[in-house]
Amino acid sequence: MRWLEGKTGWALLALVALLFPLFAQNNYLISVATQTFIMAIAALGLNLITGYTGQFNLAHGAFMAVGAYTVGILTVDHQVPFWIAFLLAGCVTALLGYFVGLLSLRLKGHYFSIFTLCVSYIMFLLIEKWESLTHGPVGIMGIPAPTGIGPLQFGTPLSQYYLVLAFLVLGIWIMARIVRSLLGRSFMAVRNSDELAEALGIDLMRTKTLSFVLSVVYAGFAGALYAGQVRFLGPDLASEVVTFDLVMFVLVGGVGTLLGPLVGTVLVTYLTQSLQFLQDYRMVVFGPLLIALIIFMPDGLVGTWLKRRARRADAQASAAKDAAGATATPIAPAKEGRSHA
Amino acid sequence: MLEITDLTKQFFGLTAVDRITTRFERGQVSAIIGPNGAGKTTFFNLVAGTHPPTSGRIVFNGKDVTGLRPDHVARLGIARTFQTTHLFENATVLDNLIVGHRLRTQSGLWDVLVNSRRLQGEERLCREKAREALDFVGLSHVANRIAADITQEERKRVAFALALATDPELLLLDEPAGGVNPEETVGLAALIRKLVDHGKTVCLIEHKMDMIMRLADKIVVLNNGAKIAEGTPAEVRRDPHVIEAYLGTEHGAEHAAV
């Protein structure tokens, strides 16, 4: 398994993603995969604020809708070129995220989650009721596909797949940079204990706001890609269901791990797709599976694997210098689950 | 080094810290003792900036730090430990310590995105600081162990190391030997001495009298939020107010027995 880790593993993953359309041979599967990647981008962002910074944001889906609607409104009603609208979608969500963050991050723990859930609902209502801006419940139709860049055209499902894949790779790459840096360590310090982080000289509000803004920018761009791929938007995109789906993806994959959101999104989407024939009854299968996972693997798939690997590495290291022999008996960890995640 | 004048904290009319005036000298170990609920931790919270005081002044190295936020206070060189240390249980001990020196670094989002030279240098520096701190507290052998797997005593030492990594001048230690056995307590006391020998100033809260009497250069005794005595261990031991606070009530009797 060792050879699967690090750069080789990532390269392999990228290769599988690159070759997938060759095996899929079917536009439906390809567009499902494209949407999965879009959700994975949003889940990556959610994981930054929730997994790495410990602030359980329940407005993430609404920010995705804001990104999508920015593209929808600008391209359809104002004939703005797609890529300019795309960039603006990132700016609009960042700006909105900054103000929502400033307000909501004053609250801690569950209060923060409840507040953001309310923010999410307000955003949903705004999108549904503000008909002159958002077309209300009718939604926005006829959003143009992303315009071509030079020789690259994005009209077909296949080309869209590669476009979204490129953004996913970029998103993971930037996220890796962030979480492995000192900045990421500040985020994690806040998650472990904001009291301790502050005593270590970390500016709580600034750190949390930065994480929040970065995370919603991921949601904003995911939404913008969604608009360009699905070409139709309804207010349902801002409903809490989207957020809860994203939370589920992150939980299944592994909260606070780099690969977790991607693994969770792909796996859960695959499962829901393959249980499609059960219609709504699929939740009967799905619910217990999810509960079992939370009980037995609170760190998610990737988290559990990483922890086991770290333990093994340490065991090997201490076995190597066993000469000391005085290794203290490890005490049982009090509770391994994380309070905020 | 730290001068405290008439420091008072009221929570909704309840006076938790009552007009305390004292000073901690550079290069000494000062201890704060007192029965449970005497206001010791609140006192630390005021000095470290967790709560703003209702009135009074805190002057650190000649600079007024009254009412500053905890992160500012930390940057000025006051580090603190808590009664319980929250570590990231899934990461290694060394990984947990690297963030300790973050407050002395400048890198922001842009440095991260372009992986600037400054960021690389600062990350190396933080890692070195973490290693140094871990060596200092005598835990280099657990550097790669998962934080969830270390003992209570090792955890206390990691808390020291985390505080040390911030490059402080003054360390506020809240019950540094709480919940560890007598032999380990002796080891921790030696470590606190070592801190002072290396030029740090220490102020600690502790219930373990043996340890305090041997370790402290100066003791401040609090009761009901007010300072009732202050002096060397020998002076404090003889002080009638202290004897009354500790032995005069049922509550105090428990502590005297410890």
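Helices (H or I, at least four residues) and strands (E, at least two) are DSSP runs, numbered from the N terminus. By that rule chain A has 14 helices and zero strands, while the secondary structure of chain B comes to eleven helices and ten strands. This is a predicted model, in which local features need pLDDT of at least 70, side-chain atom pairs count only at pLDDT 80 or more, and totals for chains, interfaces and linings use all residues. Residues are numbered from 1 along each chain as its sequence is written, and chains are lettered from A and ligands numbered from 1 in the order in which they are written.

**Chain A as a whole**

- The radius of gyration is taken over C-alpha atoms, and the globule rule is 2.2 Å times the number of residues to the power 0.38.
- For 341 residues a compact globule would have a radius of gyration near 20 Å, and the 21 Å of chain A agrees with this.
- The C-alpha trace of chain A spans about 75 × 50 × 45 Å along its principal axes.
- A residue is buried if 20 or more other C-beta atoms lie within 10 Å of its own, exposed if 12 or fewer, and partly exposed in between, with C-beta atoms placed from the backbone.
- Of the 341 residues in chain A, 45% are buried.
- Two residues are in contact if their C-beta atoms, placed from the backbone, lie within 7 Å.
- Of the contacts in chain A between residues at least 6 apart in sequence, 77% join residues at least 24 apart.

**Helix α3 of chain A**

- The expected span of a helix is 1.5 Å times one less than its number of residues.
- Helix α3 of chain A (residues 60–78) has 19 residues and should span 27 Å; its end C-alpha atoms are 26 Å apart, which agrees.
- Because 16 of its 19 residues are buried, α3(A) is largely enclosed by the rest of the structure.

**Chain B as a whole**

- A compact globule of 258 residues would have a radius of gyration near 18 Å, and chain B agrees at 19 Å.
- The C-alpha trace of chain B spans about 65 × 40 × 35 Å along its principal axes.
- Buried residues account for 47% of the 258 residues in chain B.
- Domain bounds come from an automatic or database domain assignment.
- In chain B this assignment gives domain 1 (1–20 + 27–77 + 169–175 + 183–195 + 209–215 + 223–258) and domain 2 (88–167).
- The centres of the two domains of chain B, taken over C-alpha atoms, are separated by 28 Å.
- Six residues of domain 1 of chain B are in contact with eight residues of domain 2 of chain B.
- On the side of domain 1 that touches domain 2 of chain B, α7(B) gives the most, with three residues.

**Strands of chain B**

- Two strands pair if DSSP finds at least two bridges between them.
- An open sheet of four strands in chain B has the order β2-β1-β4-β5, with antiparallel pairing.
- At its edges stand β2 (14–24) and β5 (63–64) of chain B, each with a single partner strand, so one side of each has no neighbour in the sheet.
- Strand β1 (residues 2–11) of chain B is joined to β2(B) by seven bridges, and the two run antiparallel.
- Strand β9 (residues 218–223) of chain B is mostly covered, with six of its six residues buried.
- Lys218(B), Val220(B) and Leu222(B) point one way from β9(B), and Ile219(B), Val221(B) and Asn223(B) the other way.
- β9(B) pairs with strand β3 (residues 29–33) of chain B in the parallel sense over four bridges, and Ile32(B) stands opposite Val220(B).
- β9(B) also pairs with strand β10 (residues 226–231) of chain B, in the antiparallel sense over five bridges, and here Val220(B) stands opposite Glu230(B).
- The hairpin of β9(B) and β10(B) has two residues between the strands, and Asn224(B) takes a positive phi near 50° there.

**Where the chains meet**

- The contact takes 37 residues from chain B and 32 residues from chain A.
- Helices α2 (70–76), α4 (109–114), α5 (117–136) and α6 (152–164) of chain B each supply at least two residues of the side of chain B that touches chain A.
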